[in-house]
Amino acid sequence: MTLLAVERIKLFTTRSPWWCIVLALGLTIGFAAMISAVPGHDFQMTVNDSQSGYQFGMVVIMVMAALAVTTEYRFSTIRTSFQAVPNRTAVLLAKTAVVGLVAGVVGEASAFGAWAIARAIRPGPLMNLDTAQAWRNVAGIGLVYLVAAVIAVAVGILIRQSAGAIAILLVYALLVENLVQIIPKVGRTIHNWMPFTVGDHFLNAGAPLAADRAVSPMPLGAWPSLAYFAGIAAVLLVASLVVANRRDA
Amino acid sequence: MIEAVGLTKRYGRTLAVNNLSFTVQPGRVTGFLGPNGAGKSTTMRLILGLDQPNAGHVLIDGQPYRRLHRPLHTVGALLDAKWVHPNRSARAHLLWQARSNNIPYRRVDEVLELVGLSKVANRRAGGFSLGMSQRLGIAGALLGDPQVLLFDEPVNGLDPEGIHWIRNFMHGLAAEGRTVFVSSHLLSEMAVTAQDLVVIGRGRLLTQGTTAEFIQQATENTVKVRSPQLPKLREALAGKNFTVRADDADDAALIVGGASTEQIGELAGALGVVLHELSPQTGSLETAFMRMTGDSVEYHTAAAQAIETVAATNDLAAPNDLTATGK
């Protein structure tokens, strides 16, 4: 508990996390408002549609999570941290927990905020949270943000540099996972096993689709998808902890 | 008490610390002296368990740092005043450290008061001057009221007022019975601050002992004698087993080693020799230190070599094993 409190103090006594949180909420809720305000009466808004901007918020939260680690390296406060608490695994796990928790809360707030504003602007039967899938599609976003934040923390520990870690995370999550589909024959299969794609499937599996969206068969069901996504985050985190313990601070 | 045994640390192909052993006794200020790049900061990091040694170990009160429970209560350290998040306030910077070792929050205000930063406690630390940052770092080191304190180059880049403040502060800490281990590359600073010295060069121990001993050994005290009857005096002095040599700068003078002014004066009186000058010559600490570490300076400059050349030819000859310069 002590270390969680320490990391909470560290996170919220600098300004950038606050900006990231505001930005994440603004982007996702704003995007939902924008697409639901698009004119045209024939368009039936779904719960799934209201969440289509969640990745913008997720990326911002990943930046926040990576910065929570890399700024410590940048300003060498990581050394002060390890000096105060020589158990590095405990320090970094506490940081991961606090950052993950904040990411989860922001995820829930942005998801329910986006759903509420979309429903207010364009109400309809498909906007009700009346199925397990609809609930998962909204409430699951917090879990996806949490796992994404853990991945970002792990990459931050491994890379130690803000620019490098953020570049890798953004390029990977926004470009690489989609670009692998270009690879002939196997590209599609590889894509279906990429962590953020699988994480996305956890939210969307079984969602009523708009007519213009193609259905792609995914190898895992909804909850196994989340387990797979979280498993990859856990592997990265363990690897980063091993490296941090071996390395000179 | 800090006990280093055979510490060795390698960064790539650079041997930063080489088989270094020393002890730092409680209740005294111990200076950690060496030229830039000698391995002082590396040794400090090894003591705090931040870097892992390739060989050897260092113990604090018999335990490796990483095994200390709530270490801020045992060891306080200021390794670098700039290890602060620039957008965090001074108080917040101390708050999280206090929280991590279950130190009550009122202690944060106490140490801020102690170092004179109470008025700027809520200002962002990034806007602090170097002197203020050093004070904040010292406040952090004092948080847990530890018996052992480490300071790495605490006066580096400070103005005279700041140097004076830190020096008095360390004296105060030692007077309270604490162990203070402070590094510096300035012997003149250590001469007035430290009671014991650990001197290193290129990662190796050069000597360990009291500051007084070190200064006595490193600087040879000689006496300059000027007389119109030099040959007679020289003969008598040589007969007494004093070391005698000509003064390069003055044909009518001798430099005598191993003798006091009283001894020479009495001898001259007994011989009836007229003296025009009889003056003790104290070696400059910096010259002595430069000669001692001359072989072990990591980064030589042309200017430093010129100074060493002058030092080697002036009359402050040190023992032969210390006169080698890094040419």
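Two residues count as being in contact here if their C-beta atoms, placed from the backbone, lie within 7 Å. With that cut-off, 27 residues of chain B touch 22 residues of chain A in this predicted model. Helix α2 of chain B, residues 90-100, supplies the largest share of chain B's side of this contact, with 6 residues. Sorted by class, that side of chain B is made up of 13 nonpolar, 9 polar and 5 charged residues.

Now for a sheet in chain B. Four strands line up in the order β11-β12-β10-β13, forming an open sheet with antiparallel pairing. At its edges sit β11 (243-247) and β13 (277-281) of chain B, and each of these pairs on one side only. Going from one strand to its neighbour, the turn is 25° on average, with direction ignored.

For V244(B), the bridge partner in β12(B) is V256(B).

Two helices of chain B pack on this sheet as well. Helix α8 (residues 230-239) of chain B touches β10 (222-226), β11 and β12 of chain B, and the direction of α8 makes about 10° with that of β12(B). Helix α9 (residues 261-271) of chain B, for its part, touches β10, β12 and β13 of chain B. The direction of α9 makes about 160° with that of β13(B).

How values were computed
Residues numbered from 1 in each chain as written. Chains lettered and ligands numbered in written order. Predicted model: local features only at pLDDT ≥ 70, side-chain atom pairs only at ≥ 80, totals over all residues. Pairing = 2+ DSSP bridges. Axes fitted to C-alpha atoms, helices over the stretch in contact; angles between N-to-C directions. Nonpolar A, V, L, I, M, F, W, Y, C, P; charged D, E, K, R; others polar.
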